[in-house]
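Have the structure open while you go through it.

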Amino acid sequence: MNADVIIIGGGIIGNSSAYYLAKKGLKCLVLEQTMIGNGGSSRNGGGVRQSARDVRELPIAMYAIKNLWPNLNEELGVDVEYHQDGNLRLGKTPAHLETLKKLTQKSQAAGLDVKMITGDEAREICPYMSQEVIGASWCPTDGHANPMITTLAFYRRALQLGVHFITGEKITKIELHCGKARAVVTDAGNTYEAENIIVAAGYGSRAILNTVGIDVPLYRMLNECLVTEVQPPMFWQMLGTAEADFYGHQTKHGSFAFGGSSGLENYHKNHKESDSAKSTSMTAESICRGIMKYFPVLADAKIVRHWAGWLDISADQVPIIDKVNEIPGLFIACGFTGHGFGIGPGVGTIMSELVTGEPTCVRIDALKYDRFCAKA
Ligand SMILES: Cc1cc2nc3c(=O)[nH]c(=O)nc-3n(C[C@H](O)[C@H](O)[C@H](O)COP(=O)(O)OP(=O)(O)OC[C@H]3O[C@@H](n4cnc5c(N)ncnc54)[C@H](O)[C@@H]3O)c2cc1C
């Protein structure tokens, strides 16, 4: 197949890039090593938030929440279960409030509508919260959506627009022709050619880019989620904590999806060497402690299932979204560091603009791949 663009990785970033490129009339091929949406994109907590984001990536979140998320159901022809009912980021100690205050001040300076509120004000918004919460940041335009439905909705619409998807193809190498990115090679020895190549393979991006001498410093970390049995409708806000160790929301179906980490996942003996994202024995318990401490009303809710997913963490915790200047035809979108779902539609839009050479909808200068290179 002769494509204009090869996209490596079938997560929300790869699928949304393929969709927005196909909408502009480009012929795309997505190559995915396992199944579409099998990475973090379908395993995440569904948070679509601007608050507590690094100001370097905040403009993408603000753009996506203003311009893309509100129309996504119509655009993709599927209910992605998007709720824009605000985000409460909770604090239980004075140190938590200090952390939240600093994050809030930086976001306010960047133009975001977010403020600090007291514990009682937070309980007015979400009356089920425990008395242990002494304050929170409140961003009324944040929200959440269903990650699996959204990721597969982009896939489905891209398919309808003629994007070709091949699963079970692990890319091991990019090949250059006359200094330009021109082909990718799989571990089965297959070669696919295109004028442009987007690397959107999460943590796998680093090894792929290394084959053409580009290094983006990434490491991976396990994060886990669980869902409760169905509860009566209680609240629609997205919830997080000052230390980002617990988050969650009630889904349209009525169950609660909560996530978090114990901090010990990477030391767990089954995970050190394994590639598969499996739940550890201790994280679900940590998340349950979070539920009991923050939402005692849910203390007896039964847990229906739990799962894990890898985060691709960049060295400065901010994504790499760029066109590679020294290798024409090569583009990078990775290192989303546990917050790439909410900006996924924005990143797909930006990748389509980078490939077609249009100005990007927001500035991405601070997200360049060469920010990690030693300066002479
Ligand atoms: C438990 C958990 C909770 C999270 N909560 C949130 C949240 O609430 N809000 C938020 O915004 N974000 C959240 N995130 C982060 C979010 O899920 C990711 O940032 C986002 O999904 C990144 O999308 P992606 O397409 O880059 O990566 P992925 O979905 O991981 O897709 C990358 C794809 O590339 C494929 N691939 C890798 N190597 C190769 C190769 N060599 N050849 C071919 N294919 C390859 C993988 O199989 C994978 O399918 C969470 C993540 C996890 C794990």
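The second largest pocket has 21 lining residues, and Asn 146, Pro 147, Val 227, Arg 305 and Trp 307 sit nearest its centre. A pocket here is an open set of points on a 1 Å grid over the protein atoms alone, with protein on both sides within 12 Å along at least five of seven lines, and a lining residue has an atom within 4 Å of a point. Mind that this is a predicted model: local features need pLDDT of at least 70 and side-chain atom pairs pLDDT 80 or more, while totals for chains, interfaces and linings use all residues. Numbering runs from 1 along each chain as its sequence is written, and side-chain values use heavy atoms, without hydrogens and water.

**Second largest pocket**
- Its volume is about 410 Å³, counted as the space filled by probe spheres set on the points.
- Helix H6 (147-160) and strands E12 (218-228) and E16 (303-314) each give the lining at least two residues.
- This pocket lies between domain 1 (2-46 + 148-217 + 316-372) and domain 3 (219-314), because both contribute to its lining.
- The lining splits into seven nonpolar, ten polar and four charged residues.

**Largest cavity**
- There is one cavity of 30 Å³ or more, a cavity being a set of points where a 1.4 Å probe fits but cannot get out.
- The largest cavity holds about 30 Å³ of space.
- Helix H4 (residues 94-109) supplies the most to this lining, four residues.
- Among the lining residues are Ser 51, Arg 89, Leu 100 and Ser 137.
- By class, the cavity lining has four nonpolar, four polar and one charged.

Note on methods: Ala, Val, Leu, Ile, Met, Phe, Trp, Tyr, Cys and Pro count as nonpolar, Asp, Glu, Lys and Arg as charged, and the others, Gly among them, as polar. Domain bounds come from an automatic or database domain assignment.
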